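Open the model in your viewer and keep the sequence panel beside it. The tour moves from one selection to the next.

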Amino acid sequence: MPRGNALIVDDSSTARIILARLLEKADLTSRGVGSAEEALTLVQHEHFDLIFLDHLLPGMNGFEALEKLKSQPESRDIPVFMYTSQNADRYLQDARARGAAGVIGKQVEREQLIQMIDTILAGSDTDPEFATPEPSPYQSVADLSSQRKLTGRLSTLEIAYEEANEDIRAMKQHMARVDARFQEELETRVGKVRRLWVLTTVVFVLVALFLGLQINSLSETVDGLNVQLGLITQMIGGLMELVGGGGG
C-alpha cells in the first residue's frame with residue numbers, strides 16, 4: 001500500500017514524469033498538473049500528503065500559488081516543496097517565509113529525496129534539509145556544486161533509463177500478446193480450412209457414390225428396356241409369321 005499521495009505542479013511533462021518516477025521509488029503515488037490553477041482546484045477534491053511546486057508556471061507563478069495554498073483550509077497543512085532550478089539562498093529564504101517546507105532542485109538525488117520524504121511522512125518536527133557535504137581542502141565550493149549537479153543529472157538519467165527499459169519491456173509484452181493472438185487466430189483459421197477440406201472431401205465422396213448408384217440404376221434400366229424391346233420384337237415377328245401363314 002502506498003505511503004502517501006503527492007501532487008506535482010510543473011508545466012514540463014518531462015519534469016513531472018521524472019519526479020513521479022522518483023516518488024514511485026519512495027512508494028508514493030502522485031498526480032501531475034501543468035498549472036497552479038489546476039492544482040488549486042484539485043486540492044479542493046483530493047487528499048495529498050505532499051506538494052511539489054515549480055516556480056515558473058503559466059499564469060500564477062510558484063510563490064503566488066504557494067501563498068494561495070497556505071491560505072486555504074484544505075491545503076494549509078500540506079508540506080509544499082518548491083521544485084525548481086532556483087538554488088540561491090535568497091530564494092530559499094523567500095520560499096520559507098511564504099510557508100514552503102523546502103526547496104529541491106530539478107536534478108535532485110534519489111537518496112536525498114527519499115530521506116526528505118521519510119522525514120516528512122514520519123511527522124518529524126525537524127525541517128527537512130538536504131545534506132550538503134563539506135568540501136575537502138582540495139575541492140572548491142564550485143567543484144562541489146558541479147559534483148552535486150552531475151550526481152543529480154545521473155539520477156535523472158537513471159530514471160530515464162529505467163523508464164525506457166520499462167517501455168521496452170511493455171512493448172515486448174505487447175508484441176508477445178499480439179503474436180499469441182496471431183498464432184491463435186492462425187490456428188483457428190487453419191482448423192477451419194481443415195474442417196472445410198474434410199467436409200468437401202466427404203461431400204465429393206458422397207456425390208460420387210450417389211452418381212455411381214444412379215449410373216448403375218440407369219444401366220440396369222437400359223438393360224431391362226433392351227430385354228423388353230427384344231421380347232416385343234419377338235412378339236411382332238411371331239405375329240407377322242401368323243399373319244403370313246393365314247394368308248397362304
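Which residue in β2 is the bridge partner of L7? Select R31: R31 is that partner. This is a predicted model, where local features need pLDDT of at least 70, side-chain atom pairs count only at pLDDT 80 or more, and totals for chains, interfaces and linings use all residues. Numbering starts from 1 along each chain as its sequence is written, and side-chain values use heavy atoms, without hydrogens or water.

**β1 and its partners.** Select β1 and β2 (residues 28-33): they run parallel, joined by six bridges. Strands here are DSSP runs of E, at least two residues; helices are H or I runs, at least four, numbered from the N terminus. Pairing takes at least two DSSP bridges.

Now colour β1 by burial (buried: under 20% relative accessible area, 1.4 Å probe, protein chains only). Six of its six residues are buried, so β1 is largely enclosed by the rest of the structure. G4, A6 and I8 lie on one side, N5, L7 and V9 on the other.

**I51.** Show its contacts (heavy atoms within 4.5 Å). Beyond neighbours within four places in sequence, I51 touches L7, V9, V43, L69, I78, P79, V80 and F81.

**α3.** Select G62, F63, A65, L66 and L69, which are buried in α3. Seen down the axis, the buried residues fall within an arc of 160 degrees (directions from the helix axis to the C-beta atoms), so they line one face of the helix. They pack against α2, β3, β4 and α4.

Terms used
Buried < 20%, exposed > 50% of the residue type's maximum accessible area, 1.4 Å probe, protein only.
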